[in-house]
Amino acid sequence: MSNRPRSAGRQFLQIPGPTPIPDRVLRAIDMPIIDHRGPEFQRLAKRVLEKVKGIFKTQSKVIIFPASGTGGWEAALVNTLSPGDRVLMFESGQFAALWKAMALRLGLKPEFIESDWRIGADPAQIEARLKDDKNHEIKAVCVVHNETASGTTAPLGEIRKVLDKLKHPALFFVDAVSSLGSIDVRQDEWGIDAVIAGSQKGLMLPPGLAFNGVSQKALDAAKVSRFPKSYWAWDDMLANNANGFFPYTPATNLLYGLDVALDLLAEEGYDNVFERHLRHAEATRRAVNAWGLEVLCRDPKYYSPVVTSVLLPAGHDADAFRAVVLENFNMALGAGLGKVAGKVFRIGHVGDTNDLTIVGALGGVEMGLELAGIPHRKGGAQVAMEYLAQQAKKSSQKLAAAE
Ligand SMILES: *Cc1c(COP(=O)(O)O)cnc(C)c1O
């Protein structure tokens with residue numbers, strides 16, 4: 001037992017996932033288990049498998065695995081490709097690096113466009129590499145949409161245009177684990193062959209579900225794929241899903257939660273959800289600039305609506321700073337990962353978050369900078385408040401004009 005007193009109120013969970021869970025979702029999950037081979041489950045599964053297509057913006061199938069997002073990566077690769085296939089990847093950050101490591105372990109040949117983690121997947125560099133691939137040896141282009149480690153976002157529509165312009169037949173795979181439900185993902189319009197997602201970020205659910213939104217082209221590729229697969233096999237899953245069932249025990253209660261989380265996103269309006277994330281990211285960057293600190297993402301084109309990675313001045317340990325904030329204010333900030341470990345901390349502004357949560361989080365960061373003795377200018381939280389107040393005024397004027 002700790003001899004520390006209880007800390008009152010909710011913890012500020014400002015990591016970029018898992019994210020805080022809305023009360024309506026928590027209540028939906030808090031249900032007795034039902035028979036996953038019975039008619040009640042069948043109705044739930046059929047409803048949710050249909051409803052989930054909305055947030056993927058697809059008319060095609062969405063597969064739901066009881067797994068973490070990483071399982072979704074593996075499923076997409078082993079269902080569509082064959083050992084020895086070349087895949088093109090862009091080093092946007094730690095998650096891209098992990099996806100590449102998985103490709104290597106599976107016996108694929110990843111080509112990695114190296115980068116400094118300070119921009120997202122760059123269409124021009126992808127185009128340059130694909131242009132050289134005259135024999136179409138590259139079978140898939142794999143892009144992390146929102147790179148949660150570096151706080152950068154890839155322009156998916158532009159990357160699609162590159163593939164179209166070059167008439168390159170590669171499959172287009174997108175890791176949308178931290179973007180689905182926070183940043184617009186248009187699977188059909190952008191011709192994405194597998195959208196890989198997870199439950200615990202923009203979808204505001206506990207960890208435990210992985211998604212594969214799969215195009216017809218991906219399903220066709222699956223027919224000739226030579227990777228062994230069993231748990232991840234799309235064909236078994238789709239055959240069972242057609243009747244509202246799963247080939248093994250599904251995460252029943254997370255599906256109850258998903259049903260409601262999708263309603264929450266639709267009730268707010270997808271565009272309003274995306275706009276809210278952009279607003280909170282802008283408020284956060286304004287605070288960071290006012291403090292005189294540096295945002296890791298170095299090109300505004302790639303700024304992330306979901307998470308802001310902040311560089312500390314040389315000689316200051318970002319993990320020690322995070323520990324000060326956690327201890328004093330019960331706020332969890334994201335750690336720097338991989339090659340920026342200890343150098344950056346991350347402010348998550350993703351999921352079920354409002355203006356006051358962000359103001360509180362930025363206030364906590366500013367107080368933490370003071371306590372940890374990190375050189376900075378004061379007033380970043382104030383600057384964010386002014387921006388949010390301005391935006392609130394604009395949106396009420398807009399609403400009034402529409403009435
Ligand atoms: C969180 C995350 C993952 C990994 O998801 P897990 O559920 O931890 O397996 C992959 N990619 C991105 C971009 C993420 O943010």
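User: How many salt bridges are counted between domain 1 and domain 2?

Analyst: This is a predicted model, and its chain is divided into domain 1 (12-18 + 269-402) and domain 2 (23-266). Between domain 1 and domain 2 the count is four salt bridges.

User: Which element supplies the largest share of the side of domain 1 that touches domain 2?

Analyst: Elements that each supply at least two residues of this side are α11 (270-291), β11 (294-295) and β12 (307-311). The largest share is four residues, and the element that supplies them is α11.

User: How many residues of the side of domain 1 that touches domain 2 are nonpolar?

Analyst: In domain 1, 31 residues are in contact with 37 residues of domain 2. The residues on the domain 1 side include seven polar and seven charged. The nonpolar residues of that side number 17.

User: What area is buried between domain 1 and domain 2?

Analyst: The size of an interface is often expressed as the accessible area lost when the parts come together. Here carbon and sulfur atoms give 60% of the buried area. The total between domain 1 and domain 2 is about 2,700 Å².

User: Which residues in domain 1 lose the most area to domain 2?

Analyst: Three residues are to be named, and together they account for 26% of what the domain 1 side buries. In domain 1, the residues that lose the most area to domain 2 are Y270, F274 and Y302.

Key:
Residues are numbered from 1 along each chain as its sequence is written. This is a predicted model: local features need pLDDT of at least 70, side-chain atom pairs count only at pLDDT 80 or more; totals for chains, interfaces and linings use all residues. Side-chain values use heavy atoms; hydrogens and water are left out. Domain bounds come from an automatic or database domain assignment. Contact means heavy atoms within 4.5 Å. Buried area is the accessible area (1.4 Å probe) that two parts lose on being put together, summed over both. A salt bridge is a side-chain nitrogen of Lys or Arg within 4 Å of a carboxyl oxygen of Asp or Glu. Ala, Val, Leu, Ile, Met, Phe, Trp, Tyr, Cys and Pro count as nonpolar, Asp, Glu, Lys and Arg as charged, and the others, Gly among them, as polar.
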